[in-house]
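Thanks, I will keep this short.

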Amino acid sequence: MQVSLLTTLDPLLRDVVTLALSDTAAILEVEITPEGTQLDLQLPSGARESAQVELSHPCITCSIRHAVIPFLEGRDLDRVILALPATVESIYVAPALAEYLDSELFSKIELGHGDALDEPFTLTSILTAVDAATNRALIHATPLGEADLIIDDDERDAGEVLFSNLAHADVILSLGEDQIGRAISGHINPDATIIEGLENISADVLFEKEHDVDAAIFRVHPVTCMAGPSRQLGQETPDAGTADGIWTVTLESPRPLDPDRLQESFDSLALDGILIRGCFWLPGEHHEIKTWNSSGTSLTVGAAGEWDGDPMTRLVVTGSGESPEAIRRAFNDALMGGAIFRR
């Protein structure tokens, strides 16, 4: 059984995509309700089945995998698209789901119950579907509750969720005519296959490759997050330059950020129209990876464990229009010493 994940920011968009793919693969839609995990399975034949599973864990993603796997076990299904609840990030589901599948299969074989799984589960490509116009939330501070979506009580920034899903995806379905929004996807994830238009999506592209858990995490992690020009489906050579109206620069230095100088330079870094993802370190805290995540003027600073090797400061900056030299100067001003720039 091959399982592909679908993530969206908008529940209506999820419905549109699943409808378009419903005659080529089984669709398992997941919703988290006060009563538990709601599962709705639709087969390509049109047959439907539903189940309500009591929440087994305070963690939403844990509850999803604990509900989904027992529901699918023993079913004679070749291809399943697992449509996650809107705004649930695939990076919190896919690694745990893949590990859970492996451990469950191993345990059943070890106990002599290997036949409980008709065939091993394989996690294939992760698809994220986006409205190109909504992608502009990546470079502007836009709370989910204000992003013109059917979400009222989520206080996360839309750019935070968008970046995570775009960077983690293997396939990006871009809808709408917003050229800036379309271009952003390729700058966030140059490794993804980008499909433009609902009429061009098919289940085949979702099931042709097994999902690489480690590579996907690599694209999202603040130390290794990627950026670059887009690669369209069927296009051998990536686009170059900034003709698409979007630019990306990587600012790097082995030196730490100076807390006082950073405070003075902050307003020149967290600008409207600018997306920054990356890592840095502070004097006296050389062992800890500090993270920088900003969409426009919305900034989140956190931690991501300890350095494996020498610490560094690395910010990947994506914006629209001309590349502002002010960003370079502000980065240089915030460092303890000179910066190393790379385009």
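Among what covers the buried residues of α7 is α4, where contact means heavy atoms within 4.5 Å. This is a predicted model, in which local features need pLDDT of at least 70 and side-chain atom pairs count only at pLDDT 80 or more, while totals for chains, interfaces and linings use all residues. Residues are numbered from 1 along each chain as its sequence is written, and side-chain values use heavy atoms, with hydrogens and water left out.

Helices here are DSSP runs of H or I with at least four residues, strands are E runs of at least two, and numbering goes from the N terminus.

Which residues of α7 are buried? They are Ala-216, Arg-219 and Val-220, buried being under 20% relative accessible area with a 1.4 Å probe and protein chains only. These residues sit on the same side of α7, because their arc around the axis is only 95 degrees, taken from the directions from the helix axis to the C-beta atoms.

Now the largest pocket. A pocket is an open set of points on a 1 Å grid over the protein atoms alone, where a 1.4 Å probe fits, with protein on both sides within 12 Å along at least five of seven lines; lining residues have an atom within 4 Å of a point. The lining has 20 residues, and Glu-89, Tyr-92, Glu-160, Val-220 and Asn-293 lie nearest the centre. Elements giving two or more residues to that lining include α4 (158–168) and α7 (213–220). The most comes from β11, with four residues.

Note on methods: Buried means under 20% relative accessible area, exposed over 50%, partly exposed in between (1.4 Å probe, protein chains only).
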